[in-house]
Amino acid sequence: MTDPRQTPHMQILKVALDVPLDGVFDYRSDVPIMVGQRVVVPFGPRRQVGIVVDTATDSDIAPAKLKFILQHFDNEPVLDSEFFSLLRFCADYYQYPYGQALLSALPARLRQTEPAQARQQFRYWLNPSGLAAGVEAIPARQVIQQRIFSALEAHGRLGETELAELSPGWRKGLAALRDHGWIDEEQVYAGLRSTLHASNVQPELNGEQSHAVQAVLAQRSGFKPWLLHGITGSGKTEVYIRLLQAVLEDNDDQALVLVPEINLTPQLEARFRSRLPQFPLVTLHSNLGESERLQNWRLAQTGAARIVIGTRLSVFTPLPRLKLMIVDEEHDTSYKQQDSMRYHARDVALVRAQRRNIPIVLGSATPALETWHNAQSGRYGLLSMQQRAVSQSQLPQVHCVDVNRVQMQEGLSPQLVKALKTRLERGEQSLLFINRRGYSPVLLCTACQWIAPCMRCSSRLVVHLRQGCLRCHHCGHEQKIVRQCPSCGNPDLHPTGHGTQRLEETLAKLLPEARVLRVDRDSTRRKNALDDMLSAVHAGEVDILVGTQMLAKGHDFPNLTLVGVLDTDSALFSPDFRAAERLFAQLMQVSGRAGRAEKPGTVLIQTTFPEHSLFNALRSQDYAAYATGLLNEREITQFPPYEFLALVKAEANDYMPVQRFLQFAGDVAREMGGEVLVYDPVRPQMERLKGMERGQLLFQAPSRQALQAVLRQLTPQLRAHPLSSKIRWAVDVDPQEF
Ligand code: ADP
Ligand code: ZN
Ligand code: ZN
């Protein structure tokens, strides 16, 4: 018998698996396997897919006890070391098991125990002898050959899909060109599309824009974070386009553009495709089918895609030649993942840029206070664009309507109704913006003040009149509208509050000739529904848009000249310390929708507190002044960005074990001493959610290092605690929701 350690092919593989344990697992293989390959291994009673993150010749486990891998996938590109080190960093920073972090950053197809073959296609281009021959060398009769030749000349590399668009007879034509020895080809993953109809209109940059572009390009060869602070319509996207043009021009370099929401990708994609036709572009977001997602991810990983536009998760996409990152709407809360690994994609992007030593541009009209603080202190470069790019277009006029002083009609003030009428007469469009929180109708007993509650959550049920039901917007619980107050027997129950559906009815009564379109989560549930609605708005088939947050972002409606903001006061006094910052950002965004083209816009805000500093800042559209005020408050109260926070969140059917677990966490952390302040366990605002009793424990620290030092010791002890497997818990570093 030979010692297996002496066999030349004996290899120990360190394999990361999707299991809630930190660390990697040792397996044996008698064929050579590379780091970054996928393998299938036995784990307990099951087969699991794993990623080889390292190889060794030795293991702590006796060789005879080591299991062999069951399978490996040879024909797939392997993951690179940047991918591993970035996820290692995130797993540590966000206190999440490494294997799970790694596997959840992969497209679903790569988490299955099967080979994941993405479809491939050929792409063709003219080689030097083809280019030397020129299109004149093709006989005049050969129209298809000429057409293919010219298209290749104009666009560089074209795939089968685009050639098929040129002519159904393309295969024969191409074969003829190939017979001349003029064509080279490559095989790439399917999904690359060249733009055959590009726009060559390149607007002249204004002073602020060119300054921004030049500043970034001047320091493009090292790590440099930039805040591009530009009001809506100042031409930030145009700046991104120029940066991409310049950075990608010479080599095979790549760029990653993060956007907060899937809804915003199609617009940006279309604009980039038409302006940057020379750079193959793919998108990555959760609306893609699994195979398309894998395909696009592979295109990025192999370097064939030069631009990747993606949402949160795409920050982990392997990009071997990444040279520039852009985070659009960097303040947006959807960059923060709210379950599994609770990472913040903007922060991960910054870490990645630093490790790659490349520039990163964070764009926003209303930056996160953390970002603004970094720009003020000089850690980030600040690029400011305070003019609208289209010179005729002006900033909107912002006015407050004091709702205490006027007779409201179903939630609408006379001023707002009059303004709506005027727009209607002029054939212009209006947007009524609803802050979803505090705006949903509830079922109220006017005799005893009972309000229909959700039995599973600490929340109230929302009345959906049309469906005749009450629904919980947190857990989805649904029941029939009750006819009689269960508390006092009163048979006269009223829906109160407004809600989008009620508002639609009110508008129909007050302005019967207006064409009203409601855009909210309910009305856009169907696939493509939002796209259809947006085209209806652009086609002028809508007079009044009624909508929530969804409409505030990014959409450009040239004929929209009035924005009415219906109810924001609940957010002014929310216990969440970020509520004011968010409301301000939201109102800036939504007022940015008015007057985008040559027509000036008006914003009417209905409120009980017209003199609130937030509205004053909004009237002067002065983000900087407002941010300075908020930062002062944060400094006094020692909240981020001056101090750093983490939460341990826990929930169970019963509060007792939650409390005990959190108490334990607090005790352990306090024993460590140091500068970290450990609070007592508390119930969050939403005490009960989906039938689970919730609790949380807050840590506050003067530095990230101090906080990390505590968490690094604490998390393993929490994982080892007997209650750990009986309750649901998570560590949330830099939490956004409390
Ligand atoms: P932002 O992304 O800051 O909201 P955009 O880049 O979308 O702004 O620009 C707003 C509008 O101004 C767009 O219609 C865009 O085409 C136009 N635009 C941008 N830059 C210029 C420029 N330098 N000259 C003329 N029009 C411009
Ligand atoms: Zn009652
Ligand atoms: Zn509920």
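Start by selecting the zinc ion (ligand 3): its protein donors are the SG atoms of Cys454, Cys457, Cys472 and Cys475, lying 2.3 Å from it. Donors here are N, O and S atoms within 2.8 Å of the metal (3.2 Å for Na, K and Ca), and water is not among the atoms, so sites may look incomplete. Now pick out Cys454, in the loop between E18 and strand E19 (462-464), and Cys475, in the loop between strand E20 (469-471) and E21: the pair links distant parts of the chain, 21 residues apart. Strands are DSSP runs of at least two residues, numbered from the N terminus. Both cysteines of that pair are buried, meaning under 20% relative accessible area with a 1.4 Å probe, protein chains only.

A word on the ground rules: this is a predicted model, where local features need pLDDT of at least 70, side-chain atom pairs count only at pLDDT 80 or more, and totals for chains, interfaces and linings use all residues. Residues are numbered from 1 along each chain as its sequence is written, chains are lettered from A and ligands numbered from 1 in the order in which they are written, and side-chain values use heavy atoms, leaving out hydrogens and water.

Next, select the zinc ion (ligand 2). Which residues hold its protein donors? Cys445, Cys448, Cys485 and Cys488, each through SG, at 2.3 to 2.4 Å. This site is tetrahedral too, with angles of 104 to 112° among its 4 donor atoms, and the spacing reads C-x2-C-x36-C-x2-C. Cys445 in strand E18 (residues 442-445) and Cys485 in the loop between strand E21 (478-480) and strand E22 (493-496) link distant parts of the chain, 40 residues apart. Color by accessibility to finish: Cys445 counts as buried because its relative accessibility is 0%, and Cys485 is buried at 3%.

Note on methods
Four donors count as tetrahedral if all angles lie between 85 and 135 degrees; four count as square planar and six as octahedral if opposite donors are over 155 degrees apart and all others between 65 and 115; anything else is irregular. Helices (H or I, at least four residues) and strands (E, at least two) are DSSP runs, numbered from the N terminus. Buried means under 20% relative accessible area, exposed over 50%, partly exposed in between (1.4 Å probe, protein chains only).
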